[in-house]
Amino acid sequence: MPNPISVSSEGGVARLDWAGEVNTDELRREIAEALTEHSRVEALVGAGDTVGQRAATWAGLHREGVRRGVGPDGEQQDQIVFARLVTDAPVHEPGGFRSLLNSFLPRKRAISQMLVRDPEGRVLLCQLTYKRDWDLPGGVVEVGESPRLAVQREVEEELGLAIEPGDLLLTDWLPEWGGWDDAVCLVFDGGTRPEAVLDEVVKQEREIRDVRWCTLEEVDELAADFTARRVRAAVGGDQTYTESGR
């Protein structure tokens, strides 16, 4: 039998609590009633409670994020934050339903990089301030930003070079690594530039320590192994998709 729902209020926010299985229709009614007196209603559901998460979603609560926590024995006890605002569009309307889906469907980080070469075929690499490995110029794509515009922006911000990206050379999927979630890296063609373009570089000191032209052998020495594989795949041009450069 479904468990009862308790409702509490703090700071103008209604908080719903339940354990295990819950009647979704009843949960919807509690949410609607709470929103007649509050501008926000929320529920914290255990990260491992898939039944509770499903009920919260079916009842029209948006997934907002993860509230990290530690239990009494020192174990990780995260909770998923679900909420609904009085101004949210009704779920039965197309915009409201899309907004609900958008709140919990997977989101993957995108990184845009640029492959710039000199007439000798060497690759432009950057030594970054926040990690030891060298990498291609570029960075994270902002929310709502096109990957092509992102890499153009990053190269101009980090190096002071105005280079319009060419074709997409490679899509490289990056698995979880070192505290980072997985991501998709898009490598755009930055064309062939004269060796002296390094004289035009204006480094963003907060992120860029050094810039240089590198042979592929030097890329292998200076870059992380997965970065070196990605660079070789992009230079080779015979692959359009790789996973960790393979």
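A salt bridge here is a side-chain nitrogen of Lys or Arg within 4 Å of a carboxyl oxygen of Asp or Glu. This report covers a predicted model, in which local features need pLDDT of at least 70 and side-chain atom pairs count only at pLDDT 80 or more, while totals for chains, interfaces and linings use all residues. Residues are numbered from 1 along each chain as its sequence is written, and side-chain values use heavy atoms, with hydrogens and water left out.

## Salt bridges

The structure holds 19 salt bridges. Side chains of opposite charge can pair when their charged atoms come close. The table gives three of these pairs, with the relative accessible area of each partner; buried means under 20%, exposed over 50% and partly exposed in between (1.4 Å probe, protein chains only).

| E120 and R122 | 3.9 Å | E120, 61%, exposed | R122, 18%, buried |

## The five-stranded sheet

Helices (H or I, at least four residues) and strands (E, at least two) are DSSP runs, numbered from the N terminus. Two strands are taken to pair if DSSP finds at least two bridges between them. An open sheet is formed by five strands in the order β1-β2-β3-β5-β4, with mixed pairing. β1 (6–10) and β4 (62–67) each have a single partner strand and stand at the edges, so one side of each is left without a neighbour in the sheet. From one strand to the next the twist averages 30°.

Within this sheet, β2 (residues 13–17) and β3 (residues 40–46) run parallel and are joined by four bridges. R15 stands opposite E42 in β3.

Helix α2 (residues 50–58) lies across β3, β4 and β5 (79–85), and runs at about 10° to β5. Such angles run from 0 to 180 degrees between N-to-C directions, with axes fitted to C-alpha atoms, for helices over the stretch in contact. Contact means heavy atoms within 4.5 Å.

## Helix α3

Which residues of helix α3 (residues 94–104) are buried? They are G96, L100 and S103. Seen down the helix axis, these buried residues fall within an arc of 60°, so they line one face of α3. The arc is that of the directions from the helix axis to the C-beta atoms. The face turned away from the buried side carries P94 and R98, which are exposed. The cover over the buried residues of α3 includes α2 and β4.

## Strands β6, β10 and β11

Strand β11 (residues 183–192) pairs with β6 (residues 109–117) and with β10 (residues 168–174). β6 and β11 run parallel over eight bridges, and I111 has C185 in β11 as its bridge partner. The pairing of β10 with β11 is antiparallel and has six bridges; there, the bridge partner of L174 is A183.

## Nonpolar cores

A nonpolar core is a set of buried Ala, Val, Leu, Ile, Met, Phe, Trp, Tyr and Cys residues joined through side-chain atoms within 4.5 Å. The largest has 19 residues, and those with the most contacts inside it are L115, V123, L125, L136, V187, V219 and V231. At least two residues each come from β6, β7 (123–128), β10, β11 and α6 (225–236). α6 gives the most, with four residues.

What is L125 in contact with, leaving aside its neighbours within four places in sequence? L125 touches W134, D135, L136, D210, V211, R212, C214 and V219.

A second, separate core has 18 residues, including A14, V22, A34 and A56.

## A residue with positive phi

S244 has a positive phi of about 55°, although this residue is not a glycine. S244 lies in the segment after β13 (241–243) and is buried, at a relative accessible area of 13%.
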